[in-house]
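Have a look at the structure first, then read on.

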Amino acid sequence: EPPVREEPLGMTSAMVAGKWKVNREVIADLILTLGFVASFIPYISSVSTPVLIGALSVFLAGAGIALPILYRNRAGLLFRRLLKPRFAVFALLLPIGPSIVAVSMGKWEALLYALLMTLTLAVCQIILGIVTLQRLLKIFSTAGIVSVLLFSLVEWHNILYSVASGTRLIPSHAQPNVIGFMFAGFAIALIGSSLDRRASLRLRACYLFFAVAAGVVIYAAQSRASLLALGCGVVFAGGLLGIRVIRRRKLVGRGLSPSYVGRIGVHVEKTLHIDARYRGIGTGLSGRVPRWNKTLSTIESQGLWLFGGGYRTSTKELGFSVDNGYLTILYEEGLVGLLAVVVQILWLWRASARRCINGRDDTEKIVMLTVFAILTALLVNNGFDRYLFGLGNPFSLMGLLFLLTDKEVLAERTALLWRQAMGGILGAKRASLVSPR
């Protein structure tokens, strides 16, 4: 009777380890997708601010505990990321520093929001030690699909009324420009995901369909800043690749006559109210310019130029939304905070452009191109919205992850220590190749 050949223990261990790795990555992706979607749900429901803060705090605390447990073999590396200077600047110096000063003037709410921001950035730092940028963009795209579906299910009657009457889409639980801001980020991420040739044709078509759907919602909401940001992101990305997206001769030569182009322009002007009495260019960008002037005068009169007046204090103290991310940071975190945020975003913007041009393969080029386009939209849109350094919506959370992105994250080396990883892989291979005597 021939001897029974036993499977080597090394092979079994490697198989179990591989299966556990797949399972924990799926769980981590689900947690992060749920986090993005959960930050969108308040904009389609009537959730009060205290309930939102409580739910967000519980979720962040849970994610901060669950992710290191899932990746307990890297727990030391993950928590070591919390000691990096970039984290200290954005999670401690920016929100908490000015807020401590604000507490001395009785602004306790500023410290509460600052601590929430610090907790959010701590979880973001842990996430960047687990998930590569490629996975992060896929997760953000998936959350975009779910968010577009949820918005369509909840607001279908308003969408139908807007399409039928040609009037502005007014969501039941959110301001139209906020929806436009979030959907602009989703649309660019979905377009980038649709360019991935490794994905199936059906999946790429699905990404592209929901990107178009997000763009339609932005257009129906008449969020002109978001449309401008979306357009700049796409055009700048096309320019980065050296592609001429629009060729006048080709378009006109194929039946798009100048008269038809003129009619399209008239339709866009009427739909977006470019020259309207209350929302047109002549109103000072819908009344934003007078608010910006008042914000600057308040900063000067109260001496807030250097360190600001505390996180999330601008709207309550000024009595209106500043609607400018740069002025909001200047008012709340001062010139120090504004320079830190802008320098980091511009650094990542330039680094992603260079890596896209000099990328090693098509996948890296697409990832860097998508990051470049998202950052372009973020920079443009925050000229008219106040979410450059904020939390509570998916696009702002993505912006916080970009604020903490460093060279290691760009090189996709933070998920593991290469020495330990290669040692474990080689050890498993050696064990699997040992044949029983």
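## Cysteines

Keep in mind that this is a predicted model. Cys-206 comes out as partly exposed, because its relative accessibility is 29% and the buried class stops at under 20%. Cys-232 has a relative accessible area of 19%, so this one counts as buried.

How many disulfides turn up in the whole structure? The search finds zero.

## The overall picture

The protein has 19 helices and zero strands. Of its 437 residues, 47% are buried. Look at contacts between residues at least 6 apart in sequence, and 77% of them join residues at least 24 apart.

## A threonine in helix H5

Thr-118 sits in helix H5, which covers residues 108–128. Is Thr-118 buried or exposed? It's buried, at 12% relative accessible area. Leaving aside residues up to four places away in sequence, Thr-118 touches Ala-91, Leu-92, Pro-95 and Ile-96.

## Aromatic pairs

There are 10 aromatic pairs in the whole structure. One of them is Phe-151 with Phe-183, an edge-to-face pair with 5.5 Å from centre to centre and 75° between the planes. Phe-151 belongs to helix H6 (residues 133–154) and Phe-183 to helix H8 (residues 176–194), so this pair ties together parts 32 residues apart in sequence. Phe-151 is buried, with 0% relative accessible area, and Phe-183 is buried at 0% as well.

Then there's Phe-181 with Tyr-387: the ring centres are 4.9 Å apart and the planes meet at 35°, so the pair counts as tilted. This one links distant parts of the chain, 206 residues apart, with Phe-181 in helix H8 and Tyr-387 in the loop between helix H16 (362–381) and helix H17 (394–403). Phe-181 is buried, with a relative accessible area of 0%, while Tyr-387 is buried at 12%.

Phe-151 and Phe-183 also show up in an aromatic cluster, together with Phe-36, Phe-40, Phe-140 and Phe-186.

## Charges over rings

Which ring does the charged end of Arg-86 sit over? That would be the ring of Trp-347, with 5.5 Å to its centre. Arg-312 has its charged end over the ring of Tyr-113, 4.6 Å from the ring's centre.

Key. Residues are numbered from 1 along each chain as its sequence is written. This is a predicted model: local features need pLDDT of at least 70, side-chain atom pairs count only at pLDDT 80 or more; totals for chains, interfaces and linings use all residues. Side-chain values use heavy atoms; hydrogens and water are left out. Helices (H or I, at least four residues) and strands (E, at least two) are DSSP runs, numbered from the N terminus. Buried means under 20% relative accessible area, exposed over 50%, partly exposed in between (1.4 Å probe, protein chains only). Contact means heavy atoms within 4.5 Å. A disulfide is a pair of cysteine sulfur atoms within 2.5 Å. Rings of Phe, Tyr and Trp (its six-membered ring) pair if their centres lie within 6.5 Å; planes under 30 degrees apart count as stacked, over 60 as edge-to-face and the rest as tilted. A charge sits over a ring if NZ of Lys or CZ of Arg is within 6 Å of the ring centre and within 35 degrees of the ring normal.
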